[in-house]
Amino acid sequence: MDASLLDVALTALSVLLEPERLFYLGMGTIIGLALGIMPGVGGVAGLALLLPFTFNLDAYSAFAFMLGLGAVTSTSDTIPAVLFGVPGTSASQATVLDGHSMAKNGEAGRALSAAYAASLIGGLWGAFLLGLTIPVLRPILMNINSPELLAFSIFGLSMVSALSGSMPLRGLSMAGFGILLSMVGGDPTTGQERWTLDTLYLIDDLPLLPVALGLFALPEICDVAARRTAIADTSKYELKEGMMVGLRDVFKNWWLVAKCGSLGAMIGAIPGLGSAVVDWFAYGYAAKSVKDADKTFGKGDVRGVIAPESANNAKEGGSLVPTIAFGVPGSASMALLLGGFMIHGLVPGKSMVTDNLDVTYSMVWSIAIANILGAGLCFAFSGQFAKIATLRYTLVIPAIISIMMVGAYQASADWGDLFTLLIFGVVGWTMKHLKWPRPPLILGFVLGGIVEDYMRISYQIYEWSWILKPVCAVMLTLAVLSLLQPLFNRIFIKKEKIEFFAFSGPKFTVTDLFPLALIILLSWALMSSFGWDEDAQGAPQVIVLITLVITVITVANAIFRRGLTGYSEGSALDLSSDLSGLSRGSYNLRVFEFFAWLCGFMFVWWVGGILLASTLFVIGYMRIRGSESVGMTAAYVLVIGCLIYFVFDQGFHIAWPESLIRSLFPELRGVIPTI
């Protein structure tokens, strides 16, 4: 960085440090932290809410306000991810795997402290890299086109092997199923409806939020409800000790923080990838590169928290790169930031690195300072947050479920969001207890649509010659090596003798029902696709056939090799199951009861609105299931009601569905609230 650029950067910092602008930056940071804690809300909704309030602000204050919010939601979203196994935003999905396991082991304070420190360093590293790359933004991004983006996405999918533990075939099967789920809806070129079941809800594709919450959040809350205990019986560390251990973990793994922070910044700079996959990329990289990851990841390894947390904060700096250089948003939050550009008369492109360079550097400083403020506030209260893990389950579940229901619904403001949440909650719980890895499914779901779009564009322009482009060839080669790495490790490093063609008599177990059901579903998907337009059949049928073959091989391997020497059901790189000494039948009965509570919640919502549903759910669960005091229950009802009304209704103006009572008695609409 030459002297002139350094002068501009320091000038931008001095402008940003003026009290008024620091106030707006601090307010944005506080709002962002609050939104990150609430599952299903996230920074995009917050930025949409704040955008109108920036009209009368100068450019420095406006972008400090918005970037302060956007930069820290992936810091505080760690809190529900660690304590409840509920990803606060899509950027904390991978943190759940080891972070929640640490909380259940009594190490919540250590996990939170490590996450905050990694987030802080990753965020600062991302801002630093952004500052360094500003002078050379354009020539780098000019060489990235659809083929390179496609190759990078395929490489991302190859991470499935690192997210599958010792069951790569199951991981590949789930990744393929996730890609197929991403194809549900209208074909982007022909408009052909694909597996929509003749419903309007599925025409616009499955939304990520209820799918992710269903796969990762509901199963964990369900297990807490079934065990009927606190998330952690005791805390392994005292408050200060746990925080210091977490800090030492981060500094001990500084090289992992630097590498994952750089990876996060790079992924953030690639339009279309963004926060939905950055944590999985970093987690997959760590699972492949750190020592003994195959034995400890998913069981409470602090490195499984450090890797995704250092990456997801660094991505904010990276996502500003294409936004500033080309006006191409690197993420959904950056798309809203472009609205701020228009409001303040700024044009992305050359002017942002010449005439308005001071504004650009003020954005860099805003991200850096917001990360410091956000991490500092989280550190200050992390001890109190950690204590939540030891609260009675009847004090935790009502709030989480109420917020999760609303958060899932606001994905597309349709009843289908709630049914999607419930269905994938059942699927996620089943996969967890049958040791089918869930991370590959969500990775395939996120990247599937991206791969399909870039594949179509690349083929139209280059046909198959896109594979020979230098960057593409390197990334595809790395993808193949990544997929084969588990096999190479077993044969050449662990020196295992693998008998590929040794079989025994067929042995069926209940666990085989899940893949058999998947085979039936895939067969139906293949048969129904033959009725589509010919142009819409190609990619979906290829993915269905590949997934079907892999699933059949997986089932056959289990049925005809079960019982052979050296054969095991394997272990998923996922959260483990704990029945707390209950029999499987008793445990399943409690799980059924929990989902009955959820169905009751949805039914009352349909009849009388969300306020009535949340009120009755809190009262019923706390008084009937937990025998909590009347005073505690009343206070809980008041807090949840105020949160729903003031934040979601008055703040985000969610389009609530009309209740049955309001539709049957229109004369009461002036009396009965919409919620």
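Mentor: Gladly. Keep in mind that this is a predicted model. Begin with helix α9, residues 146-157. Its 12 residues reach 16 Å from the first C-alpha to the last, close to the 16 Å expected at 1.5 Å a residue.

Trainee: How many residues of α9 are buried?

Mentor: First the general idea. An α-helix has 3.6 residues a turn, so residues three or four places apart point the same way. Now the case here. In α9, 11 of the 12 residues are buried, so this helix is largely enclosed by the rest of the structure.

Trainee: Which residues of α9 are buried?

Mentor: The buried set is S146, P147, E148, L149, L150, A151, F152, S153, F155, G156 and L157. Buried means under 20% relative accessible area.

Trainee: And the protein chain overall?

Mentor: Of its 675 residues, 57% count as buried. The chain has 29 helices and 2 strands. Among contacts with a separation of 6 or more, 80% join residues 24 or more positions apart.

Trainee: How many cavities of 30 Å³ or more does the structure hold?

Mentor: It holds 3. The largest cavity has a volume of about 40 Å³.

Trainee: Which residues line the largest cavity?

Mentor: R170, W436, T511, D512, P515, T554, V555, A558 and R562. By class, that lining has 4 nonpolar, 2 polar and 3 charged residues. Helix α25, residues 534-561, gives the largest share, 3 residues.

Trainee: What share of the accessible surface belongs to carbon and sulfur atoms?

Mentor: For the protein chain, 68% of about 27300 Å².

Note on methods
Residues numbered from 1 in each chain as written. Predicted model: local features only at pLDDT ≥ 70, side-chain atom pairs only at ≥ 80, totals over all residues. Heavy atoms only, no water. 1 Å grid on protein atoms, 1.4 Å probe; cavity = no way out; pocket = protein on both sides within 12 Å on 5 of 7 lines; lining within 4 Å. Points joined across faces, edges and corners; volume = space filled by probe spheres on them. Helix = DSSP H or I, 4+ residues; strand = E, 2+ residues; numbered from the N terminus. Nonpolar A, V, L, I, M, F, W, Y, C, P; charged D, E, K, R; others polar. Expected span 1.5 Å × (residues − 1). Buried < 20%, exposed > 50% of the residue type's maximum accessible area, 1.4 Å probe, protein only. Contact = heavy atoms within 4.5 Å. Areas by Shrake-Rupley, 256 points an atom, 1.4 Å probe, with all protein chains shown as cover.
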